[in-house]
Amino acid sequence: MKSLTKTLAFATAIAGCAVSQAQTFSDTTFNNSDWSAISFTQGTTSFTAGQVSLGNPDTGRQVTHDLGDTTAIGVAHVFNPASVTIGTGGMAGLTYQIDFIVQPFAPVGLGFLVVQNGRYYISNYLAATQTQWTTAVSDTLTESMFGEVNVSLGSVQNMNSSPDFDLVGSTLQFGFFTANSGGPIIIQSNYDNFSVSAEAVPEPATMALLAIPALAALRKKKSR
Ligand SMILES: [Ca+2]
């Protein structure tokens, strides 16, 4: 019984350590100073993005895409305070969440964004059609699930170009991506409660140290 208690304690210690490797950033207010936006376009388009009181609840971010005739626009919205530098061991994956609402008959393309070395990548790209507040949640996204932003009338990303989560010392930034094509039309959508968790892989040295007590516990159990 004693040995089982010990084994459980070790397991808890290992699990606790793994959790501490995750960094989470979230925003429920969307102050304009916390967000920046860059657009990727084909043809004559424009956009606006900024804080409004129409959040879920209180303040959130409102985005409008203004499309000319047969044009396309994608906007990368970057949450400035969210930044992670990849350590030895690399990045295991990213999980995202955001609330959104669109206007009737005006769907918006929505994806999760990571920025690395000045390149913009999106994942979980979907058609946001809900006219009630809806939460989009991602699974754990690995690097191959992201494709580089490449906006045209027919597509928004190139899945043959992905970020590198093993690039030690490289800084990642995070946010979300909105897009439309067609026109001429003005499309408005609203967002609130963004969060992203970056899960690092424990450094090899740390993993080895953790493995020793775990193995010791196993050996003890076996010898009984
Ligand atoms: Ca809010």
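**The whole chain**

The structure is a predicted model, in which local features need pLDDT of at least 70 and side-chain atom pairs count only at pLDDT 80 or more, while totals for chains, interfaces and linings use all residues. Residues are numbered from 1 along each chain as its sequence is written.

Of its 224 residues, 33% are buried. A residue is called buried if 20 or more other C-beta atoms lie within 10 Å of its own, exposed if 12 or fewer, and partly exposed in between, with C-beta atoms placed from the backbone. Two residues are in contact if their C-beta atoms, placed from the backbone, lie within 7 Å. Among contacts between residues at least 6 apart in sequence, 77% join residues at least 24 apart.

**The seven-stranded sheet**

Next, select S2, S5, S12, S7, S8, S10 and S11; in that order, these strands form an open sheet with antiparallel pairing. Two strands pair if DSSP finds at least two bridges between them. At the edges are S2 (35–42) and S11 (157–158), each of which pairs on one side only.

S2 and S5 run antiparallel and are joined by eight bridges; select Ala37 to find its bridge partner in S5, His77. S5 is then joined to S12 by eleven bridges, again antiparallel, and Ser83 has Gln173 as its bridge partner in S12. Continue to S7 (residues 108–116), which runs antiparallel to S12 (residues 171–182) and is joined to it by eight bridges. There, Gly109 has Ala179 in S12 as its bridge partner.

Remain with S5 for a moment. Eleven of its 15 residues are buried, so this strand is largely enclosed by the rest of the structure.

**Further strand pairs**

Now select S3 and S4, which pair in the antiparallel sense over eight bridges. Val52 has its bridge partner in S4, namely Gly60. S4 also runs antiparallel to S13, to which seven bridges join it; Thr64 stands opposite Gln188 in S13.

**The nonpolar core**

A nonpolar core is a set of buried Ala, Val, Leu, Ile, Met, Phe, Trp, Tyr and Cys residues joined through C-beta atoms within 7 Å. The largest one here has 48 residues, and those with the most contacts inside it are Leu113, Val114, Ile122, Val149, Phe176 and Phe177. Strands that each supply at least two of its residues include S3 (45–52), S4 (60–67), S6 (91–102) and S13 (185–200). S5 gives the most, with eight residues.

Centre the view on Ile122. Leaving aside neighbours within four places in sequence, its contacts include Leu113, Phe146, Val149, Val156 and Phe177. From Ile122, move to Met159, 37 residues away in sequence and 9.2 Å away in space, C-alpha to C-alpha. Met159 is placed in the loop between S11 and S12 and counts as partly exposed, with 14 C-beta neighbours inside 10 Å.

**Asp99 and its surroundings**

Select Asp99, found in strand S6. Asp99 is partly exposed, with 18 other C-beta atoms within 10 Å. Beyond neighbours within four places in sequence, the contacts of Asp99 include Asn56, Trp133, Tyr191 and Asp192.

**Backbone details in the loops**

Asn56 is also a partner in a cis peptide bond, with Pro57, where omega is about 0°. Pro57 lies in the loop between S3 and S4. A cis peptide bond also joins Gly183 and Pro184, with omega about 5°; Pro184 lies in the loop between S12 and S13.

For Thr70, phi is about 50°. Thr70 is found in the loop between S4 and S5 and is exposed, with 12 other C-beta atoms within 10 Å.

Conventions
Helices (H or I, at least four residues) and strands (E, at least two) are DSSP runs, numbered from the N terminus.
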